[in-house]
Every structure is written in structure tokens, then in C-alpha cells.
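Subject: Structure handover

Hello,

Here is the structure you asked about, with my notes below it. Please read the two side by side.

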Amino acid sequence: MLIGVTGNIGSGKTKVAEKLGSLLDGIVLNADLICRELMEPGSEGFQAFLRQGGERFVKGNGTLDRAALRSALFR
């Protein structure tokens, strides 16, 4: 069985998924955590992002400026 949990920011998706995973003895795949790992500085995903012109979304400390990226995406 495959169950997807969707919803707005802060709506409790993670808690619901964890509870379902526990009750059904299933595996929970958290796409938010996977994306964060893929965008860690030095990772292959982060390097690919930079090659596509993402330098303007990098903070001075070399990490992804999520607020600037979010603003640009939802503008």
C-alpha cells in the first residue's frame, strides 16, 4: 500500500505520516528531508543547482538562502 500525505505548510503532514507509519508498520519517506540533504553545500545536488545560475541564492557562509529562493519561486 502506498499512502501520500499532502497539505499546507505547518498543517501536520510529518506528524500524520509518522503516526500512519507507526500504526501500519510502514516506511515513511520524507521528501522535505531528502531535498535538504540533496541541497547541502558540496553535495551533487547543490553543485547542479549552482551550475544552473543559483549563485544568487547562496548566503555568504556558502549555504542555500532558502528565504531568497522561496521569495523568487513564489513571486
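Predicted model: local features only at pLDDT ≥ 70, side-chain atom pairs only at ≥ 80, totals over all residues.

Ala 17 belongs to helix α1, which covers residues 13-23. Is Ala 17 buried or exposed? Its relative accessibility is 19%, and the cut-off for buried is under 20%, so Ala 17 counts as buried. From Ala 17 to Ala 31 there are 14 residues along the chain, and their C-alpha atoms are separated by 11 Å.

The chain as a whole

The chain has four helices and zero strands. Read from the N terminus, the order of elements is α-α-α-α. The radius of gyration of the chain is 16 Å, whereas the globule rule gives 11 Å for 75 residues; the chain is therefore more spread out than a compact globule. The C-alpha trace spans about 45 × 25 × 20 Å along its principal axes.

Of the 75 residues, 13% count as buried. Take the contacts between residues at least 6 apart in sequence: 8% of them join residues at least 24 apart. The accessible surface of the chain is about 6,300 Å², and carbon and sulfur atoms account for 56% of that.

The nonpolar core

Which residues make up the largest nonpolar core? There are six: Met 39, Phe 46, Leu 50, Phe 57, Leu 64 and Leu 69. In soluble globular proteins, nonpolar side chains tend to be buried together. Leu 50, one of the six, touches Glu 55 and Val 58 when residues up to four places away in sequence are not counted.

Phe 49 sits in helix α3. With residues up to four places away again left out, Phe 49 touches Met 39, Gly 54, Phe 57, Leu 64 and Leu 69. For one of these, Leu 64, the separation from Phe 49 is 15 residues in sequence and 9.9 Å in space, C-alpha to C-alpha.

The loops

Two residues to look at lie in the loop between α2 and α3, namely Ser 43 and Glu 40. Helix α2 covers 31-38 and helix α3 covers 44-51. Ser 43 counts as buried because its relative accessibility is 18%, under the 20% cut-off. Beyond residues up to four places away in sequence, Ser 43 touches Glu 37 and Leu 38. Glu 40 has a relative accessibility of 45% and so counts as partly exposed. The C-alpha atoms of Glu 40 and Gly 62 are separated by 9.6 Å, with the two residues 22 apart along the chain.

In the loop between α1 and α2 there is Asp 25. Most residues other than glycine have a negative phi. At 73% relative accessibility, Asp 25 counts as exposed, because the cut-off for exposed is over 50%.

Regards

Conventions: Residues numbered from 1 in each chain as written. Heavy atoms only, no water. Rg over C-alpha atoms; globule rule 2.2 N^0.38 Å. Buried < 20%, exposed > 50% of the residue type's maximum accessible area, 1.4 Å probe, protein only. Contact = heavy atoms within 4.5 Å. Areas by Shrake-Rupley, 256 points an atom, 1.4 Å probe, with all protein chains shown as cover. Core = buried A, V, L, I, M, F, W, Y, C linked by side-chain atoms within 4.5 Å.
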